[in-house]
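Trainee: Could you walk me through the disulfides here? I would like a close look at that part alone.

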Amino acid sequence: MKQTYRLSPSFVFSSDSIVTQQNLTQSKPSFVDLFPSPKKKQRACCQSSQGHFNKHVALFIFGDSFFDSGNNNYIKTTPDFQANFWPYGESYFNHPTGRFSNGRLLPDFIAEFAGLPFIPAYLDPHYHNSGFLYGANFASGGSGALVETDAGLVVDLKTQLQYFSDLEKQYRQNLGDAKANQLLSDAVYLFSCGCNDYSVLLSNNESSRLYERYVEMVIGNLTDVFKEIHAKGGRKIGIGTVPAIGCWPNTRAERPDNTCNEELNIIANQHNHALLHKLQDLGQQLEGFMFANYDISTGITKRMKNPSKYGFKVGDRACCGSGPLRGFFSCGGKRGIREFELCDNPDDYLFFDSLHPSEAAVRQFAELFWNGDSKFTSPYNFKTLFQAVGPQNRRHPVYKLS
């Protein structure tokens, strides 16, 4: 059964803190925001930081809308890059949070499994006084590894890394180098990146001759970020494959015959092979470097082809949207198309909207990536990354390049 809705102003999330793209770099939380200046509050914050930093493994999150927990609520952008309106968030939070889901995202589940609270969005002013004791989420819906991807409308990966660098300096200033080094070394760094880079490439009708070079650019930028994090003390990276988005509802709905865009799938596959090889190289080159390359691409494709095997009723249509396969990105009625359809039970669907999996699907992926074997994530799963605390526990696998 489907229900058709029109945009209702009462469902619109509003925020008093909006960051313009022009001053994104300057708008990050300042030292005063992170660690309040009054001496009594500053001592409490620092004591809390020092009391908690060695009792858990922090989680730092980078990437796109698969991981954005609300950063895009606080930048000047368009609704195409936001999810701070109904029906997003309804299944779990009962209100929109900025997550592109009916509920929780992959980092939310990973944090739960690791015994952490929800990791706050870095640009959310409500969390600035927390000191980000358990980590921070820098992800921004629509971003990519390339600065040019959706430029001016998102927080690009380079800026996300700058935010992390600023936070690292605060840790060092308030914890001291020894404790900050331990926090950064024990932490897990989680990435979702690449989908938007390749979607933009295909939308610009670039020649297939440029694909290989384009993949090299994306992998090169990711590699630079990994090396920078390593230079600051980070050792444990989790990053997913780029899914076969050429067969997703949004892509198919925009094609005259509603078929897959195989070019997009080919370039995603090229990216995934190149990424794995680069990660293996880094494992040989960088001291203590560990990674989990989680295969969300295969997980989604299998559920699209055989949804009932995994507990879903629908694998090729979105729960929320309009047009063929509900593939138009109109969920919520704020992205140019005011009318949209919403299914009765999002848990029956692999996709919540035409570009993002449902919470039920994400939970399945999180469980596989947390403690699954090498069929789902290699060479390590997330549980192993979180348990590898201290240099003496770092593992050094032997890689074989295929």
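**The disulfides**

Mentor: Cys320 and Cys331 are joined by a disulfide, S to S 2.0 Å, where a disulfide means a pair of cysteine sulfur atoms within 2.5 Å. Cys320 sits in strand E8 and Cys331 in the loop between E8 and E9, so their bond ties together parts eleven residues apart in sequence. Helices (H or I, at least four residues) and strands (E, at least two) are DSSP runs, numbered from the N terminus. This is a predicted model, in which local features need pLDDT of at least 70 and side-chain atom pairs count only at pLDDT 80 or more, while totals for chains, interfaces and linings use all residues. Residues are numbered from 1 along each chain as its sequence is written, and side-chain values use heavy atoms, leaving out hydrogens and water.

The torsion about this S-S bond is about 95°, so the link of Cys320 and Cys331 is right-handed. Cys320 is buried at 0% relative accessibility, and Cys331 is buried at 1%; buried means under 20% relative accessible area, exposed over 50%, partly exposed in between (1.4 Å probe, protein chains only).

The whole structure has three disulfides. Another joins Cys319 to Cys343, and with -90° about its S-S bond it is left-handed. Cys319 lies in the loop between strands E7 and E8, and Cys343 in strand E9, 24 residues apart. Both Cys319 and Cys343 are buried.

Cys247 and Cys260 are also joined, S to S 2.1 Å. Cys247 is buried at 16%, whereas Cys260 is partly exposed at 23%.

In sequence order, the bonded cysteines pair 1-2, 3-6, 4-5.
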